[in-house]
Structure formats: structure tokens, C-alpha cells
Amino acid sequence: MNHGPGASARKTRKPAGSAPNTSILSGPGLPGPDGIPVTNQTTATFEFWVDQTDALTQCSINGEPFQFCTSPVTYEFLEPGGNDFMVQAFNSLGFPDMTPAIYEWEILAPPDTIEPDTQITAGPAEGSSSANYLTIFEFTGTDNQTPPIE
């Protein structure tokens with residue numbers, strides 16, 4: 001598995017009678033503490049290489065179906081969190097790359113700079129007191145970064 005830029009890839013061409021091998025040469029992010037690249041960019045560009053000149057390549061981002069692609073390939077509007085890119089090749093005889101190249105990275109969420117809009121919709125009367133140790137409040141709220149509860 002390739003976890004970031006600078007991973008080495010051999011550039012030796014093979015004949016079409018054997019399965020191709022695909023290598024990812026570069027991708028987004030810089031290595032984080034665990035070795036997986038991290039970035040705050042929601043656009044990602046990948047460069048890759050196949051060891052057979054006549055091979056066709058297919059790419060997949062975050063588990064989506066493979067689509068034909070060429071190097072470099074760019075994806076936009078990616079979501080924060082863990083992401084993965086895969087590329088596989090098929091040569092002119094139909095032999096597939098049996099181990100697609102994989103690149104994993106994380107997009108960090110931007111800082112939350114917008115205050116949530118919170119409204120208390122039910123609770124004890126304002127200024128009241130109670131001997132009860134349990135008081136119930138109900139509220140609604142919106143936040144630009146918190147996913148809705150479904």
C-alpha cells in the first residue's frame with residue numbers, strides 16, 4: 001500500500017504477455033504521525049504509472065466504481081475524513097493488474113468558526129427553582145459541521 005508521496009516505484013517495462021503492474025507516484029497530503037498522509041485540501045491529484053505502454057487504466061475514489069482514467073487524474077469536492085484512491089490496469093491482451101495500487105489519506109475538517117444556533121424549547125420556567133435533582137430541557141439547534149442525526 002502506498003501511503004504518500006515519495007514512495008518508490010520501479011519504472012521497468014514488461015511485455016504485454018504478462019499482467020501489468022500499476023504504481024502510484026504521487027498523491028495529496030504529507031505524512032501524519034501514523035504515516036498516513038493528511039491534508040486540509042478537498043481536491044486531490046494523483047500521478048501513476050503502468051509498466052506496459054499499451055495498458056488502459058481505471059481509477060476508483062472512495063469505493064466508487066472504477067472508471068477509465070489517465071495520469072494525472074484529479075478529484076474535487078472530497079469530504080473530510082479517511083479517503084482512498086485505487087488504480088488498476090489492463091493490457092492489450094486483457095490481462096488485469098491483480099493488485100490495484102492503493103493510496104490512503106485523510107482530509108482534515110476545517111476549523112469550526114460559525115457558532116451553532118441553539119434554542120431551548122422546553123424546560124422549567126425562567127427564574128424558577130426546584131427541589132428535584134432531575135430537570136429536563138428540550139432544545140433544537142443547527143451547526144454547519146455536525147452531521148444531522150438520522
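Me: What share of the 150 residues in the chain is buried?

Reply: Buried residues make up 27% of them. Each has under 20% relative accessible area (1.4 Å probe, protein chains only). This is a predicted model: local features need pLDDT of at least 70, side-chain atom pairs count only at pLDDT 80 or more, and totals for chains, interfaces and linings use all residues. Residues are numbered from 1 along each chain as its sequence is written, and side-chain values use heavy atoms, without hydrogens and water.

Me: How many helices and strands does the chain have?

Reply: Zero helices and eleven strands. A helix would need a DSSP run of H or I of at least four residues; a strand is a run of E of at least two. Along the sequence, the pattern reads β-β-β-β-β-β-β-β-β-β-β.

Me: What share of contacts between residues at least 6 apart joins residues at least 24 apart?

Reply: The share is 61%. A contact means heavy atoms within 4.5 Å.

Me: What is the volume of the largest pocket?

Reply: About 180 Å³. That is the space filled by probe spheres set on its grid points, joined across faces, edges and corners. A pocket is an open set of points on a 1 Å grid where a 1.4 Å probe fits, with protein on both sides within 12 Å along at least five of seven lines.

Me: Which residues line it closest to the centre?

Reply: Of twelve lining residues, Phe-48, Val-50, Ala-55, Thr-57 and Cys-69 are the closest. A lining residue has an atom within 4 Å of a point. β4 (44-50), β5 (56-61) and β6 (67-69) each give two or more residues. β4 gives the largest share, three.

Definitions and conventions. Buried means under 20% relative accessible area, exposed over 50%, partly exposed in between (1.4 Å probe, protein chains only).
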